[in-house]
Structure formats: C-alpha cells, structure tokens
Amino acid sequence: MTDMLRYAKLDTLCLIRSAYFLTFSVLFSAGFYVMFTMVAQDAISDSPLFARDYMLSMSVSGAFFGALNGAGIRLGTERGEGWARQVLLTPLSGAAYLAAKALTAWLATLPAAVVVFALGAFANDVSMPAADWIAALAVIWGAGLVFVLAGLVVGLVAVGESAQYISLGVFFPLAMLGGLWFPLDDFPSALRHFADYLPTRALDQLATLVTPNAGEGPVLRPVLVLVCWGVALAGVVLSRSRAVVLARV
C-alpha cells in the first residue's frame, strides 16, 4: 500500500506538470466555458440557468479527459516505452501499479472541475448554497471513477502513441453526443435517446439534479447507466489486466 501511494504521488506530480494535460483537460474546459457563457451565450441558450448548467457540463468534460489522460494515455505510453515492464520488475506489483494509475487518474478529474467551478462563481456569478457546490463536485468526482475505468481500458488495450489517438477517439464523440459541449435540443431524436445511455450524459444529468432549481428528473436512470458502464468497464479491466501483468507489458 505504501509503495502504491508513493508511486501514485510521483505519477500525479508528473501528470499535473504535463502541458498536454493542462491544455486539454483544464484550459480546454475553461476556455469553452468562458467562450460559450460570456461571448456566445445568446446564440446557444436563453435559459437563466445556462451559466450554471454549462459549468457542470464542462466540469464533467474536463474530468472525463483528465481520467483518460491519467489512465489511458499515460498507461499506454508507458507500456509502449517499456516503462511498465521496468516497474513490474520492482517490488511494486502489477495490481499496485494499476491501482496507482487509477488513483492518479481519479485525482486528475478534479483540476478542471475546480477551475470551471471557480469561473462559474467569480466570472458568471453562479450562486448556489455551499452544500450544493460541494454535492455537485462530489458527484462529478465520485462518479468520475467510471471515466477512470474507461481510461484503464484504453491504456490496457492500446500501446504507445495509439493510446493517445484512441483516447481522443473516445473523448470527442462521447463528450459531444453526451451534450457536454452543445445542448441536445437541436440533435435528431434518435441521437437524443442514444445520449441517455452514455456515461457522459448520465453524469451531467446527475450533477445537475443535485443543484437548486434543477426541477424533477429521472435520478434512477443516470445512476443505473453509470453503474452498468462501471461494471462493464471493470470487467474488461480485470480480464485485460491479467494478460498484461502476466506478459509484463
């Protein structure tokens, strides 16, 4: 446990110093939020709650990419460069190595959410009781474990630079079709129904439902969607991790 936590700490420090992580997870989310709430809001939505709702959506988006970067891209790259093989020759076990990667990726879901929340509060005057701010952030971070599992799947399947391309190939469609960047109102009906079964959409809905004036919504459905995705992804991680650890790659 101590070795795992020590490795996770070092891995996290390396991640937050990465320009790639800061650009696509934090700055990308913050830039989109500022652009669409302070520059182009009239062209997108006239809802008085748009600044709050889009704050939650972009926080989920940033958390999603943070997890894909921390687990998927970095794990796949390390496997391709032979670093994972070297780590597995140390007293750190394969399970501890993957657990450290998962912990790093889970922590990587926080920076973008915190920055976008701060922009919502100070730049757009989003006002909520303190308990609701905490609840929304807790939901995004807690349920972000599903994104961590998705990242681990990418990192365990892809090797080298292909992990980056596959991560982007997962991120952009799920973020867009999940309604994180643009409202789904103008999407075809089939796509709107399809979005209800995506983890990105489910987490966005769940985070919105814990905020004030959110109205009534199907709480059970997004929870079930996230649970189903989590169980399925965890199964892939467990089955694939055995092959990876045994092969030492």
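Helices (H or I, at least four residues) and strands (E, at least two) are DSSP runs, numbered from the N terminus. By that numbering, G82 sits in the loop between α3 and α4 (83-87). This is a predicted model, in which local features need pLDDT of at least 70 and side-chain atom pairs count only at pLDDT 80 or more, while totals for chains, interfaces and linings use all residues. Residues are numbered from 1 along each chain as its sequence is written, and side-chain values use heavy atoms, with hydrogens and water left out.

**Helix α3 and helix α9**

- The axes of helix α3 (residues 50-81) and helix α9 (residues 162-177) come within 9 Å and cross at roughly 160°. Axes here are lines fitted to C-alpha atoms, for helices over the stretch in contact, and angles run from 0 to 180 degrees between N-to-C directions.
- α3 and α9 are therefore roughly antiparallel to each other. Angles under 35 degrees count as roughly parallel, over 145 as roughly antiparallel, 65 to 115 as roughly perpendicular and the rest as oblique.
- The crossing of α3 past α9 is right-handed; a crossing is right-handed if the near helix is turned clockwise from the far one by less than a right angle, and left-handed if anticlockwise.
- On the α3 side, S61, F64, F65, L68, G72, I73, G76 and T77 meet A163, Q164, S167, L168, V170, F171 and L174 of α9. Contact means heavy atoms within 4.5 Å.
- The residues of this contact of α3 with α9 comprise 9 nonpolar, 6 polar and no charged. Ala, Val, Leu, Ile, Met, Phe, Trp, Tyr, Cys and Pro count as nonpolar, Asp, Glu, Lys and Arg as charged, and the others, Gly among them, as polar.

**Helix α7 and helix α8**

- Helix α7 (residues 130-143) and helix α8 (residues 145-157) have axes that come within 4 Å and cross at roughly 25°.
- α7 and α8 are therefore roughly parallel to each other.
- W141, G142 and A143 in α7 are in contact with L145, V146 and F147 in α8. The residues of this contact divide into 5 nonpolar, 1 polar and no charged.

- S59 belongs to helix α3 and, at 0% relative accessibility, counts as buried. Buried means under 20% relative accessible area, exposed over 50%, and partly exposed in between (1.4 Å probe, protein chains only).
- Apart from neighbours within four places in sequence, S59 is in contact with A113, V116, F117 and I140.
- In helix α11 (residues 199-209), 9 of the 11 residues are buried, so α11 is largely enclosed by the rest of the structure. These buried residues are P199, T200, A202, L203, D204, Q205, L206, A207 and T208.

**Loop residues**

- T109 lies in the loop between α5 (94-107) and α6 (110-122) and is buried, with a relative accessible area of 1%.
- The side chains of T109 and W141 are joined by a polar contact of 3.5 Å. A polar contact is a pair of N or O atoms within 3.5 Å; within protein, one must be able to donate a hydrogen and the other to accept it, and residues adjacent in sequence count only if both atoms are side-chain atoms.
- Leaving aside neighbours within four places in sequence, T109 touches A63, A67, W141 and G144.
- G82 is buried, with a relative accessible area of 10%. The C-alpha atoms of G82 and S57 are separated by 37 Å, with the two residues 25 residues apart along the chain.
- D125 is in the loop between α6 and α7 and counts as exposed at 64% relative accessibility. D125 has a positive phi of about 55° although it is not a glycine.
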